[in-house]
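Please keep the sequence and the three-dimensional view at hand while reading.

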Amino acid sequence: MLALIIREARNTDCDALSALAFRAKAVWGYDDRFMQACRAELSVSPEDLATADLCHGVGEVDGVVVGFHALRRLSASEWDLDALFVAPEHLGCGVGSRLLLHACDLARATGATRVWVQSDPHAVGFYEAMGARRVGVRVSASIAGRELPLLCLDLATGGRVARPGACGVDAG
Ligand SMILES: CC(C)(COP(=O)(O)OP(=O)(O)OC[C@H]1O[C@@H](n2cnc3c(N)ncnc32)[C@H](O)[C@@H]1OP(=O)(O)O)[C@@H](O)C(=O)NCCC(=O)NCCS
């Protein structure tokens with residue numbers, strides 16, 4: 001198994017996380033205009049890290065940041081997965097699944113039962129492999145008129161995410 005650690009984000013990570021999110025999103029082949037329209041949504045700021053209802057988990061291998069997740073609390077029982085990005089050179093190595101499992105462990109530890117995901121269309125198969133089910137669509141915050149698949153991860157019965165600690169990392 002990859003020697004992945006998952007830690008809290010620090011202010012000094014913001015530029016690296018923003019750049020990683022931009023590179024990760026670009027793997028789907030979006031054109032420059034689309035990518036520029038998403039830039040703000042793909043950016044992580046110190047204000048984000050200081051927001052009480054936002055949690056970030058940063059994945060590192062040998063001191064190199066290879067991915068991250070961001071979770072936003074909606075209510076006592078529900079969170080939104082705001083971001084999940086893996087560096088292109090680390091795709092397909094299990095980093096995304098371990099980051100997602102870590103995010104689900106964090107949500108579960110607060111008593112939540114559900115995590116919502118507004119997914120990139122290319123990533124739907126990944127979330128379904130992790131136990132998510134498609135429940136509808138949500139409108140993109142970056143691209144006017146674009147509808148994105150909305151999925152739900154049920155923390156009690158949602159396949160792989162229903163196993164606490166499956167990410168192999170202490171969710172703290
Ligand atoms: C989606 C993403 C996070 C997946 O990360 P990853 O590290 O490559 O995924 P993993 O290696 O942990 O894969 C876990 C499982 O999902 C499957 N999977 C991964 N990506 C998939 C995809 N795009 N479609 C279908 N299945 C996929 C894998 O085959 C694997 O299945 P298995 O465990 O049964 O073998 C990554 O592709 C990414 O960062 N993409 C760009 C940014 C993005 O779109 N993020 C999501 C925003 S909503």
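A strand, in the sense used here, is a DSSP run of E with at least two residues, and strands are numbered from the N terminus. Leucine 4 belongs to such an element, namely strand E1, which covers residues 4–8. The model is a predicted one.

**The chain as a whole**

- The protein chain contains five helices and seven strands.
- Read from the N terminus, these elements follow the order β-α-α-α-β-β-β-α-β-α-β-β.
- Along the principal axes, the C-alpha atoms of the protein chain fill a box of roughly 40 × 40 × 30 Å.
- Of the 172 residues in the protein chain, 31% are buried.
- When contacts between residues at least 6 apart in sequence are considered, 63% of them in the protein chain join residues at least 24 apart.

- Is leucine 4 buried or exposed? Leucine 4 has 21 C-beta neighbours inside 10 Å, and therefore it counts as buried; the cut-off for a buried residue is 20 or more.
- Leaving aside residues up to four places away in sequence, leucine 4 touches Gly59, Val61, Val95 and Arg98.
- Leucine 4 and aspartate 62 are separated by 58 residues in sequence, yet their C-alpha atoms are 7.9 Å apart in space.

**Helix H4**

- Helix H4 comprises residues 95–109, 15 residues in total, and spans 21 Å from its first C-alpha to its last, close to the 21 Å expected at 1.5 Å a residue.
- H4 is mostly covered, as twelve of its 15 residues are buried.
- After H4 comes glycine 111, which has a positive phi near 95 degrees.

**Around the ligand**

- Which residues are closest to the ligand? Of the 20 residues that surround the ligand, the closest are Val86, Gly96, Ser97, Gly125 and Phe126.
- Helix H1 (14–26), strand E4 (78–86), H4 and helix H5 (124–129) are the elements that each give two or more residues to this shell.
- Sorted by class, the shell around the ligand holds eleven nonpolar, seven polar and two charged residues.

Key. Residues are numbered from 1 along each chain as its sequence is written. This is a predicted model: local features need pLDDT of at least 70, side-chain atom pairs count only at pLDDT 80 or more; totals for chains, interfaces and linings use all residues. Helices (H or I, at least four residues) and strands (E, at least two) are DSSP runs, numbered from the N terminus. The expected span of a helix is 1.5 Å times one less than its number of residues. A residue is near a molecule or strand if its C-beta atom, placed from the backbone, lies within 6 Å of it. Ala, Val, Leu, Ile, Met, Phe, Trp, Tyr, Cys and Pro count as nonpolar, Asp, Glu, Lys and Arg as charged, and the others, Gly among them, as polar. Two residues are in contact if their C-beta atoms, placed from the backbone, lie within 7 Å.
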